[in-house]
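This report looks at salt bridges and at one strand residue. Keep the sequence and the structure open as you read.

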Amino acid sequence: MSPIVAPSAAAKQAEQLKQDGNNYFQKNRFGAAIDAYTEALDLGRGANPKSYMVEEIWQELAKAKYLEWEHESSRRTWELKKLKETCESALKERHGHDSSQIEGFIDRSTSLLKQLDALGRVFRKAAEDDTPTEVPDYLCCKITLDIFRDPVITPNGVTYERAVILDHLEKVGKFDPVTREPLKPFQLVPNLAIKEAVHAFLDKHGWAYRMG
């Protein structure tokens, strides 16, 4: 169990970890930077989920995550390209050998085209996770339309980004912006299911960090 840290002390620790993360980032040590930013984010949210520092830490974390994904994506793309070229060459070589016999040449050519097309579909499917698309609506805040970072759910079942809904309750009024029902900060509960779904989506689709 983690020790309880006073908000002011937590904020200072978060700021130090953010600086550590920045230092790692500048050295292209993205894994270490991500670890530091993640810990800083947890501490910052505990101290003050609406603070500007929390937003800054998230932006730095997202940048490091995106660059880490970009590096890995480039490597995977190159490996898939080389593997596809090798498979295509092997198919063509085999069919070239078979077509040395005149009988059935047209049928073999048609078969080659079909196999190359099937091979292309396999590799396009393999590249889908690294192809930016749209983030599912259920993983996005109804106010900001950005992917969730720290989702909370209301008694009426509507999920919002914590800092955003707290800001609404403080500056606009104590009501749910979607249902218009009365709502107070203590009624907000972490939506752990959505949080896990977001983490799973981002782990698989690192390009989405650029859209948050």
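## A pair within helix α3

Lys 84 and Glu 88 both sit in helix α3, four residues apart, about one turn of the helix. Helices here are DSSP runs of H or I with at least four residues, strands are E runs of at least two, and both are numbered from the N terminus. Lys 84 forms a salt bridge with Glu 88, with the closest N and O atoms 2.6 Å apart. A salt bridge is a side-chain nitrogen of Lys or Arg within 4 Å of a carboxyl oxygen of Asp or Glu.

Lys 84 is partly exposed, at 27% relative accessibility. Buried means under 20% relative accessible area, exposed means over 50%, and partly exposed lies in between (1.4 Å probe, protein chains only).

## Basis of the model

This is a predicted model: local features need pLDDT of at least 70, side-chain atom pairs count only at pLDDT 80 or more, and totals for chains, interfaces and linings use all residues. Residues are numbered from 1 along each chain as its sequence is written, and side-chain values use heavy atoms, leaving out hydrogens and water.

## A bridge across the sequence

The whole structure holds 15 salt bridges. In one of them, the side chains of Glu 55 and Arg 149 meet at 2.5 Å, N to O. Glu 55 lies in helix α3 (residues 52–98) and Arg 149 in the loop between α4 (105–126) and β1 (151–153), so the pair ties together parts that are 94 residues apart in sequence.

Glu 55 is partly exposed, at 31%.

Helix α4 holds both Arg 121 and Asp 117, four residues apart, about one turn of the helix. The two form a salt bridge, and their closest N and O atoms are 2.3 Å apart. Arg 121 is partly exposed, with a relative accessible area of 46%. Asp 117 is also partly exposed, at 40%.

Elsewhere, salt bridges that share partners join Glu 15, Lys 18 and Glu 56 into one network.

## Thr 159 in strand β2

Thr 159 belongs to strand β2 (residues 159–161). Thr 159 is buried, with a relative accessible area of 11%. What does its side chain make a polar contact with? The partner is the side chain of Asn 191, at 2.8 Å. A polar contact is a pair of N or O atoms within 3.5 Å; within protein, one must be able to donate a hydrogen and the other to accept it, and residues adjacent in sequence count only if both atoms are side-chain atoms.

Neighbours within four places in sequence aside, Thr 159 is in contact (heavy atoms within 4.5 Å) with Lys 142, Phe 148, Pro 151, Val 152, Ile 153 and Asn 191.
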